[in-house]
Amino acid sequence: MESRRIVVADEMWIESLGGPLVGSSNRVFRLWAGAQGRSFAVEDYSTDYDFACDVKEFIEKRTFLGEEIFVMGDEPLRTFFVRRNEHKIFLLRQIWSNVEFDEVKSYIVEYEADIEKKCLQNSINFIFPPGGICIFDSALGGEGKYIEIECEDKVSSVIYTYRIQEKRFDFIVHEVVLG
């Protein structure tokens, strides 16, 4: 039976200092050269960071070192992880807000069904490799901080992306649904 356990704290922030966040296997994370260099995987770009910055959507699937990765594009946004249960996690990317974050989080949890119906921007299918994925700042690469979402076996997922623009805040929400 597949393990779908999400191993992140129930709630945590990750900062992006220079660009999009990347989700990849631990192997790709360790080889990612960030803004300081170029791995042999991205010949058409001057750095791995440039490769990540070339996405056009809020989330895109790409191939790097023969493996699928995903890039959460747009801007270097502060990102908050909220684990809903063992099958679902939200990545909330703050564009701007003039309210306490708990209010935004409560809104997203309370209106989850409405958000899914009204605000969908795009989605990708993504296979979590055995061992799970690392989510990290594309500018820093394998030496930077990262969040790990573990799974013992290969697990299918869908990542839905929403844009929530309210009078008091503006967020991009990535909903990761495992299984």
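Which strands form the open sheet of 5 strands, and in what order? The order is β3-β4-β2-β8-β9, with antiparallel pairing. The structure is a predicted model, in which local features need pLDDT of at least 70 and side-chain atom pairs count only at pLDDT 80 or more, while totals for chains, interfaces and linings use all residues. Residues are numbered from 1 along each chain as its sequence is written, and side-chain values use heavy atoms, with hydrogens and water left out.

**The chain as a whole**

- The protein chain contains 4 helices and 11 strands; these are DSSP runs numbered from the N terminus, with helices (H or I) of at least four residues and strands (E) of at least two.
- Of the 179 residues in the protein chain, 50% are buried; buried means under 20% relative accessible area, exposed means over 50%, and partly exposed lies in between (1.4 Å probe, protein chains only).
- The accessible surface of the chain comes to about 8,900 Å², and 45% of that surface belongs to carbon and sulfur atoms; the areas come from the Shrake-Rupley method with a 1.4 Å probe, and for residues only the protein chains shown count as cover.
- Among contacts in the protein chain with a separation of 6 or more, 65% are between residues 24 or more positions apart; contact means heavy atoms within 4.5 Å.

**The open sheet**

- Strand β2 (residues 21-24) and strand β8 (residues 133-137) run antiparallel and are joined by 4 bridges.
- Ser24 has Cys134 as its bridge partner in β8, and Cys134 counts as buried at 0% relative accessibility.

- Strands β3 and β4 pair in the antiparallel sense over 5 bridges, and the bridge partner of Phe64 in β4 is Glu67.
- In a regular strand the side chains alternate between the two faces of the sheet.
- The covered face of β3 holds Glu60, Arg62 and Phe64, whereas Lys61 and Thr63 lie on the uncovered face.
- The hairpin has 2 residues between the strands, and Leu65 is found in this loop between β3 (60-64) and β4 (67-72).
- Leu65 has a phi near 55 degrees, which is a positive value in a residue other than glycine.
- Leu65 is also buried, with a relative accessible area of 15%.

**Strand β11 and its partners**

- Strand β11 (residues 169-178) is mostly covered, as 9 of its 10 residues are buried.
- Strand β6 (residues 88-97) runs antiparallel to β11 and is joined to β11 by 9 bridges; Gln94 has Phe171 in β11 as its bridge partner.
- Strand β10 (residues 155-165) also runs antiparallel to β11, with 9 bridges joining them; Val158 stands opposite Val177 in β11.
- A hairpin of 3 residues joins β10 to β11.

**Salt bridges**

- The whole structure holds 6 salt bridges; a salt bridge is a side-chain nitrogen of Lys or Arg within 4 Å of a carboxyl oxygen of Asp or Glu.
- One of them links Lys88 and Glu175, whose closest N and O atoms are 3.0 Å apart.
- Lys88 lies in strand β6 and Glu175 in strand β11, so this pair ties together parts that are 87 residues apart in sequence.
- Lys88 and Glu175 are both buried.
- Asp170 and Arg163 form a salt bridge at 2.8 Å, N to O; Asp170 counts as buried at 5% relative accessibility, whereas Arg163 is partly exposed at 22%.
- Glu68 and Lys61 meet in a salt bridge at 3.7 Å, N to O; Glu68 is partly exposed at 36%, and Lys61 is partly exposed at 36%.

**Cysteines**

- A disulfide is a covalent bond between the sulfur atoms of two cysteines.
- A search of the whole structure finds 0 disulfides, a disulfide being a pair of cysteine sulfur atoms within 2.5 Å.
- Cys53 is partly exposed, with a relative accessible area of 34%.

Note on methods
Two strands pair if DSSP finds at least two bridges between them.
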